[in-house]
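I opened this notebook to record what I looked up, entry by entry. The structure and its sequence come first, and my notes come after them.

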Amino acid sequence: MEKVVSGIRPTGNLHLGNYFGAVRNFLKMQNDYNCYFFIADYHSLTTHPTPEDLHGNVRQVLAEYLAAGLDPEKSTIYIQSDLPEVAELTLLLNMNAYVGELERTTSFKEKVRKHPDNVNAGLLTYPVLMAADIIIHQANKVPVGKDQEQNLEMTRKFAARFNRIYDKEYFPIPEPFNYGEALVKIPGLDGSGKMGKSEGNGVYLIDEPAVIRKKVMKAVTDTGPTEPNSPVSEPVNNLFTLMSVVSQPETLAFFKEQYSTCSIRYGDLKKQLAEDIIAFNEPMREKIKAIASDEVYLRKVVAMGKEKAHESAAKTVREVREIIGFRSF
Ligand code: TYM
C-alpha cells in the first residue's frame with residue numbers, strides 16, 4: 001500500500017486554510033493509504049516558543065486532528081519530536097544539502113526579509129528536516145497546500161540525490177497531493193494573499209459564531225461591479241473561493257450571478273458566508289474542547305502513534321546507516 005506523510009506545525013489553532021489545504025485530504029486518505037500524520041514540533045522551534053506555549057499548541061493540534069476525524073486506528077498520528085530518528089536522518093541529509101540552494105528558497109528569503117534579527121540555522125535547514133519527515137517513512141504522497149510546493153520540491157531533490165549518490169533506488173520520490181488535483185491556496189479575509197496563522201487574517205476551527213460573523217463582516221471587498229460581467233477583483237474573488245469550500249454550489253452560483261448582473265450586495269454575501277462557515281465549524285468546535293481536556297485519551301493516542309511511527313522510522317534509519325557505510329563490526 002502506498003504511504004502518505006504530512007504534518008502541521010503547532011503554532012496556534014488550525015484555520016480553514018489548514019483544513020482545506022491539508023486536513024481535508026488526510027481524512028479521505030486515511031481510508032485508502034498507509035498514513036502517517038504528525039505534529040511538527042521540531043519545526044516550530046524556529047520561532048522560539050516558550051515551553052508552555054509549545055506544549056499547549058501540540059495538545060491543541062492533536063485535539064483538532066482528532067476532532068476533525070483523524071482516526072488513530074486507521075492512521076499513525078504522532079508527535080515529530082517523539083521520533084529522534086528524524087533528527088538523525090536530518091543530520092545525514094544535511095551533508096548533501098547545499099547552503100546555496102537552501103538560501104535560494106522563497107520561504108527562507110521571505111523569513112530573512114520579515115525577521116532579519118532571527119535568521120537561525122534551523123530556518124536555513126528547514127527543508128532538510130521536512131525532507132527527513134517525509135522520506136523516513138518512504139512516503140509516496142504528501143497532502144499539503146500550495147504554499148508547501150517548494151519545500152516538497154526540495155524533498156524530491158534530496159531523496160533523488162541520496163539515491164544517486166549511493167547508486168540505489170532506495171527512497172521513493174514523493175509527490176505533493178490533493179484530491180482536487182491542483183494544490184489549494186485558501187485566501188485570508190484581508191483582501192490578498194493566503195490565510196495564515198501569522199497574518200491575522202484567518203478563521204479558526206474553534207472560533208465562536210459571534211467571532212466568525214465579526215471577522216467575515218470586516219472582510220475586505222471593493223466598491224462593487226460597475227458594468228455587467230466585469231472581472232472580479234482579488235478581494236471579492238477571495239470571498240468566492242471561501243464560499244466554494246464551505247457553501248452549497250447553488251449559493252456560490254447565486255452570488256456570482258448577482259455579481260455579473262451588478263446587483264450584488266456585499267453585506268448579503270458576507271452574511272451568507274459567515275453562516276456557512278459557522279455551520280461548517282459547528283460539529284468540530286465542541287469536540288475540540290472535549291478532546292483537548294481528555295488527558296487519558298490524548299496520552300493513549302500519542303503512545304500508540306509513537307510506537308507505530310518509531311517502528312517505521314527505525315527501519316529506515318537502520319537501512320540508511322548501512323547504505324552510507326556505518327556498519328557494525
Ligand atoms: P503549516 O503548519 O504552515 O501548515 C500546515 C498545512 O496547512 C496548509 N496550509 C494551507 N493550505 C491552503 N491554504 C492556506 N491558506 C494554507 N495555510 C496552510 C499547508 O500547506 C500545510 O499543508 N512545513 C510545513 C509542516 C511540515 C510538513 C512536513 C508538511 C513539516 N514537515 C512534512 C508535510 C510533510 C508547514 O509549515 O505547514
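This is a predicted model: local features need pLDDT of at least 70, side-chain atom pairs count only at pLDDT 80 or more; totals for chains, interfaces and linings use all residues.

The entries below follow the order in which I consulted the structure.

**Entry 1**

Cys-35 counts as buried, because its relative accessibility of 0% falls under the 20% limit. Cys-262 has a relative accessible area of 29% and is therefore partly exposed, since that value lies between 20% and 50%.

**Entry 1. Helix H13 against helix H11**

I turned next to helix H13, which spans residues 266-292. I asked at what angle H11 and H13 pack. Helix H11, residues 234-246, packs with H13 at an angle of about 35 degrees, and the two axes are 10 Å apart. I recorded the crossing of H11 and H13 as left-handed. On the H11 side, the contact is made by Val-236, Leu-239, Phe-240, Leu-242, Met-243 and Val-246. On the H13 side, the residues in this contact include Tyr-266, Leu-269, Leu-273, Ile-277 and Phe-280. Lys-270, Gln-272 and Asp-276 of H13 also take part. By class, the residues of the contact of H11 with H13 divide into 11 nonpolar, one polar and two charged.

**Entry 2. Helix H13 against helix H10**

I then examined H13 with helix H10. The axes of these two helices come within 9 Å and cross at roughly 145 degrees. Is the crossing of H10 and H13 left-handed or right-handed? I found H10 passing H13 in a right-handed crossing. H10 contributes Pro-209, Ile-212, Arg-213, Val-216 and Met-217 to the contact. Among the H13 residues in the contact are Gly-267, Lys-271, Ala-274, Ile-278, Asn-281 and Arg-285. I counted the residues of this contact by class as eight nonpolar, two polar and five charged. Lys-270, Leu-273 and Ile-277 of H13 are listed in the contact with H10, and these three residues are listed in the contact with H11 as well.

I also looked up Lys-214, which lies in helix H10. Lys-214 is exposed because its relative accessible area of 58% is over 50%.

**Entry 3. Asn-281 in helix H13**

I returned to Asn-281, whose place is in helix H13. Is Asn-281 buried or exposed? With a relative accessible area of 0%, Asn-281 is buried. Its side chain reaches the backbone oxygen of Tyr-204 at 3.1 Å. Leaving aside neighbours within four places in sequence, I find Asn-281 in contact with Leu-16, Val-203, Tyr-204, Leu-205 and Ile-212.

I located Thr-316 in helix H14, residues 295-324. Thr-316 is buried, because its relative accessible area of 2% is under 20%. Which backbone oxygen does the side chain of Thr-316 reach? It reaches that of Ile-136, at 2.6 Å. Not counting residues up to four places away in sequence, Thr-316 touches Ile-135, Ile-136, Gln-138, Tyr-170 and Phe-171. I also noted that Thr-316 and Leu-89 are 227 residues apart in sequence and 9.0 Å apart in space, C-alpha to C-alpha.

Thr-125 sits in the loop between helix H7 (121-124) and helix H8 (126-135). With a relative accessible area of 23%, Thr-125 is partly exposed. Beyond residues up to four places away in sequence, Thr-125 touches Asn-94 and Leu-102. Thr-125 and Val-232 are 107 residues apart in sequence and 40 Å apart in space, C-alpha to C-alpha.

**Entry 4. Positive phi values**

Lastly I looked up backbone phi. Most residues other than glycine have a negative phi. I found a positive phi, near 50 degrees, at Asp-167. Asp-167 lies in the loop between helix H9 (149-165) and strand S5 (175-177), and counts as exposed at 72% relative accessibility. Glu-181 has a positive phi of about 80 degrees although it is not a glycine. I placed Glu-181 in the loop between S5 and helix H10 (209-217). Glu-181 is exposed, with a relative accessible area of 72%.

Definitions and conventions. Residues are numbered from 1 along each chain as its sequence is written. Side-chain values use heavy atoms; hydrogens and water are left out. Buried means under 20% relative accessible area, exposed over 50%, partly exposed in between (1.4 Å probe, protein chains only). Axes are lines fitted to C-alpha atoms, for helices over the stretch in contact, and angles run from 0 to 180 degrees between N-to-C directions. Helices (H or I, at least four residues) and strands (E, at least two) are DSSP runs, numbered from the N terminus. A crossing is left-handed if the near helix is turned anticlockwise from the far one by less than a right angle, and right-handed if clockwise. Contact means heavy atoms within 4.5 Å. Ala, Val, Leu, Ile, Met, Phe, Trp, Tyr, Cys and Pro count as nonpolar, Asp, Glu, Lys and Arg as charged, and the others, Gly among them, as polar. A polar contact is a pair of N or O atoms within 3.5 Å; within protein, one must be able to donate a hydrogen and the other to accept it, and residues adjacent in sequence count only if both atoms are side-chain atoms.
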